[in-house]
Amino acid sequence: MNTHDNAYKHLFSHPQAVRDLLRGFVEEDWVALLDFDTLEKVSGSYVSDDLRDREDDIIWRIRMQGAASEGSARQPGEWVYVYLLLEFQSSVDAFMAVRILTYIGLLYQDLIKSGQVKAQAGQSAKLPPVFPLVLYNGVRAWSAERELEQLIEPVPASLGAYRPRLRYFLMDEGRLSESSLQQSDNAIASLVQIERTLDPLQLAPLVEKLANQLKAPQNTELRRAFAVWINRVVLRRFNPQGDLPETQDLPEVQHMIGERIDIWKEQLLQQGMQQGMQQGMQQGMQQGMLAGKLEGKLEGQAQLLRRMLVRRFGVLPAVVEAQIVAASLEQIESWFDRSIDAASLGAVFTQH
């Protein structure tokens, strides 16, 4: 696993992160029946017959709320296994449903071998339900089939009865609506907002919001995990040299951002100006240094706009690229401001 994967997986090794993920982004009726006080992390080390390890998976189990009879305490319900498959690749895995099928089979096999699932007297053994969730943060929109049946060739109905059936839940961060992220008490909503931002000016208030959401003493370790993730993953966009001091808590992150934000802004501007100056020289020395600087600032702002749009809405259509190329600096800056809160790509370019 790379640094990004490790930092992300560390976050979802905390129960509060899993709780916010399920409550905030899985809009299904069974979630309301979960007893979140019973969240329990399960070992993800499964070895199949060909010795392939899946030790980096994140698996939690949680009980459903049991029934309560009059005058007696509520009885514990059945376990539900939440299988979090965290994907950080920029390309879409067309056969993700097959991977999920394999992983769930390994999980069931382990539960049987360990004796956690066994037949009771006079009853057949029952396997616990599994909720497979794929958390994807690639730039391109997820296009793979989420139903395993859709990956299998059509067959006569009598043969189709033997096809395996499985569906996984997809959380595609780049395609979440802005309204779904306006959750004042949900740390995962803040995580997505922080990961989306490409403007250092927007970063500080988002980190402050996250710190307020996790200020309770029981969230100390999760705050530290977020601090590591922001330092090793998010801040690399603005400080690719990687020479930032290691932070241990979110208030330290806020302080560091406040100290360095002007430096980052200047660096981004200088990068844009250098790119433009190089292009200006290629077009001819007669345009002069002034034209190169102006072109550099325009190109730098255009690059920031493209990064923001791709991160939020996916690959840009050719017509949008054409608009950006032909735009003035004032238009580019106006579109960038709109892209921060726009609900769709079209809304960015709509004249008000």
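Here is a chat that walks through a predicted model of one protein chain.

Biologist: Hi! I'm new to this one. How many helices and strands does the chain have?

Modeller: Welcome! This is a predicted model, and its chain has 12 helices and 5 strands.

Biologist: And what share of the residues count as buried?

Modeller: Of the 352 residues in the chain, 46% count as buried. The accessible surface comes to about 18700 Å², and 51% of that belongs to carbon and sulfur atoms.

Biologist: What about contacts between residues at least 6 apart in sequence: what share join residues at least 24 apart?

Modeller: For those contacts, the share joining residues at least 24 apart is 61%.

Biologist: Nice. Is Phe25 buried or exposed?

Modeller: Phe25 has a relative accessible area of 10%. Buried means under 20%, so Phe25 is buried.

Biologist: Which residues does Phe25 touch, leaving out those up to four places away in sequence?

Modeller: There's quite a list. Among them are Phe169, Met171, Leu176, Ser180, Leu181, Ile188 and Ala189.

Biologist: Let me follow up on Ser180. Where does Ser180 lie, and what is it in contact with?

Modeller: Ser180 lies in the loop between β5 (169–172) and α5. Leaving aside neighbours within four places in sequence, Ser180 is in contact with Phe25 and Ala189. Ser180 also counts as buried, at 18% relative accessibility.

Biologist: What lines the largest cavity?

Modeller: Its lining is made of Asn137, Gly138, Val139, Glu173, Gly174, Val192, Glu195, Arg196 and Arg311. Helix α5 (residues 187–196) gives the largest share, 3 residues. By type, the lining divides into 2 nonpolar, 3 polar and 4 charged residues.

Biologist: New topic: loops. Where is Thr247?

Modeller: You'll find Thr247 in the loop between α7 (220–234) and α8 (250–283). At 4% relative accessibility, Thr247 counts as buried.

Biologist: What does Thr247 touch, not counting residues up to four places away?

Modeller: Thr247 touches Ala227, Val228, Asn231, Glu252, Val253 and Met256. As for Arg232, which is 15 residues from Thr247 along the chain, the two C-alpha atoms are separated by 9.6 Å.

Biologist: And what is in the loop between α6 and α7?

Modeller: Asn219 is found there, with α6 spanning 200–213. Asn219 counts as buried at 7% relative accessibility. Beyond residues up to four places away in sequence, Asn219 touches Gln16, Gln213 and Leu214.

Biologist: One last stop, helix α11. Which of its residues are buried?

Modeller: In α11 (residues 329–339), the buried residues are Ile332, Trp335, Phe336, Arg338 and Ser339. Seen down the axis of α11, they fall within an arc of 165°, so they line one face of the helix.

Biologist: Then which residues are exposed on the other side of α11?

Modeller: Glu330 and Asp337 are exposed there.

Biologist: Great, thanks for the tour!

Terms used
Residues numbered from 1 in each chain as written. Predicted model: local features only at pLDDT ≥ 70, side-chain atom pairs only at ≥ 80, totals over all residues. Heavy atoms only, no water. 1 Å grid on protein atoms, 1.4 Å probe; cavity = no way out; pocket = protein on both sides within 12 Å on 5 of 7 lines; lining within 4 Å. Helix = DSSP H or I, 4+ residues; strand = E, 2+ residues; numbered from the N terminus. Nonpolar A, V, L, I, M, F, W, Y, C, P; charged D, E, K, R; others polar. Buried < 20%, exposed > 50% of the residue type's maximum accessible area, 1.4 Å probe, protein only. Arc of directions from axis to C-beta. Contact = heavy atoms within 4.5 Å. Areas by Shrake-Rupley, 256 points an atom, 1.4 Å probe, with all protein chains shown as cover.
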